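Trainee: Please take a close look at one part of this model for me: the surroundings of the ligands. I would like to know what lies around each of them and how the contacts are made.

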Amino acid sequence: MSTLLEKIDKEKLPRHIAIIMDGNGRWAKEKGEDRLFGHFHGVESVRNIVEGSAELGIEYLTLYAFSTENWDRPEYEVIGLMELLVSTIRKEVESLDKNNIRLHVIGDMSMLPEYAKKELNEALDITKDNTGLNLIMALSYSGRWELLNAVKSIAWEVKSGRLSVENINQDTLQQYLCTSGFPDPELMIRTSGEYRISNFLLYQLAYAELYFTGVRWPDFRKENLYEAILDYQNRERRFGKTGEQLVVG
Ligand code: IPE
Ligand code: IPE
Ligand code: MG
């Protein structure tokens, strides 16, 4: 049994972990391979981390798989990623279902090619009654896109008279985010040594603990996840209060 795993306090697990899966391209280039080779190997990490999260009893796992800005990558890479997405979902949906994992998607689905939308919708439907890990794929997602959408929807509600400006509060805003119904992530992990958010969950990460590792995504495994969780468990989450206030309770 893993010693890292034993060290994790099961009573203090984050309910929601969000991951920016970065570094596939560099991982491949370092091996003299094409970027798509890196994405292909990144799928094995997804499988491993989903399994590890489910085993631990994590309730929500959000994986940033494709950003709004990633549409601007060379066409062959975008197409390669879409095809990989579809073939992976097709291959994995049965095992997700068997493991009681419920798939969710956040992002601008309208941007996705029809064949990808169809495959995703089927997988969402197959897993919709599952009650274990909630696996949230951020696809064609960006925090600014999400906030803009929320603002527009709220403006429509006000314009139609269904909502009054005085009644808009933080709960209202949360309801219009793609993540309504999910708790905010307590832990955000980014792989590959970049120290930025890259338009991920801008609103929801307000008080997340951030964990950065140089490990490239295709090399990221359960042990790396355990390390991140242990690091998280040693942090003092203050939410604006003083350390002394936290001790008093
Ligand atoms: C992350 O790896 C996967 C996606 C953004 C789709 P990258 O493709 O960004 O890899 P690097 O950062 O160029 O190494
Ligand atoms: C963020 O990675 C998006 C995903 C991992 C899906 P990027 O590689 O696109 O981010 P930047 O360009 O380095 O900020
Ligand atoms: Mg990158």
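Mentor: Happy to! Let's begin with arginine 73, which has a polar side-chain atom 3.3 Å from an oxygen atom of ligand 2, a polar contact (N or O atoms within 3.5 Å). Arginine 73 also reaches ligand 1, where a polar side-chain atom lies 2.7 Å from an oxygen atom. Keep in mind that this is a predicted model, in which local features need pLDDT of at least 70 and side-chain atom pairs pLDDT 80 or more, while totals for chains, interfaces and linings use all residues. Residues are numbered from 1 along each chain, chains are lettered from A and ligands numbered from 1 as written, and side-chain values use heavy atoms, without hydrogens or water.

Staying with ligand 2, the side chain of asparagine 70 places an N or O atom 2.9 Å from one of its oxygen atoms. Serine 198 does likewise at 2.6 Å. On its own, ligand 2 would expose 390 Å², of which the protein buries 78% (Shrake-Rupley, 1.4 Å probe). Around ligand 2 (heavy atoms within 4 Å) you will find Ile20, Met21, Asp22, Tyr64, Ala65, Phe66, Asn70, Arg73, Arg190, Arg196 and Ser198. That shell splits into 5 nonpolar, 2 polar and 4 charged residues, with Tyr counted as nonpolar and Gly as polar. Its main contributor is strand E2, residues 60-67, which supplies 3 residues (a DSSP run; strands have at least two residues, helices at least four).

Now for ligand 1, which has 13 residues around it, Asp22, Gly25, Arg26, Arg35 and Arg73 coming nearest. An N or O atom in the side chain of aspartate 22 is 2.8 Å from an oxygen atom of ligand 1, and for arginine 26 the distance is 2.7 Å. Taken alone, ligand 1 exposes 380 Å², and 87% of that is buried by the protein. Helix H2 (24-30), helix H3 (35-56) and helix H4 (75-98) are the elements giving two or more residues to the shell of ligand 1. H2 has the largest share, with 3 residues. By class, this shell holds 3 nonpolar, 5 polar and 5 charged residues.

Definitions and conventions. A polar contact is a pair of N or O atoms within 3.5 Å; within protein, one must be able to donate a hydrogen and the other to accept it, and residues adjacent in sequence count only if both atoms are side-chain atoms.
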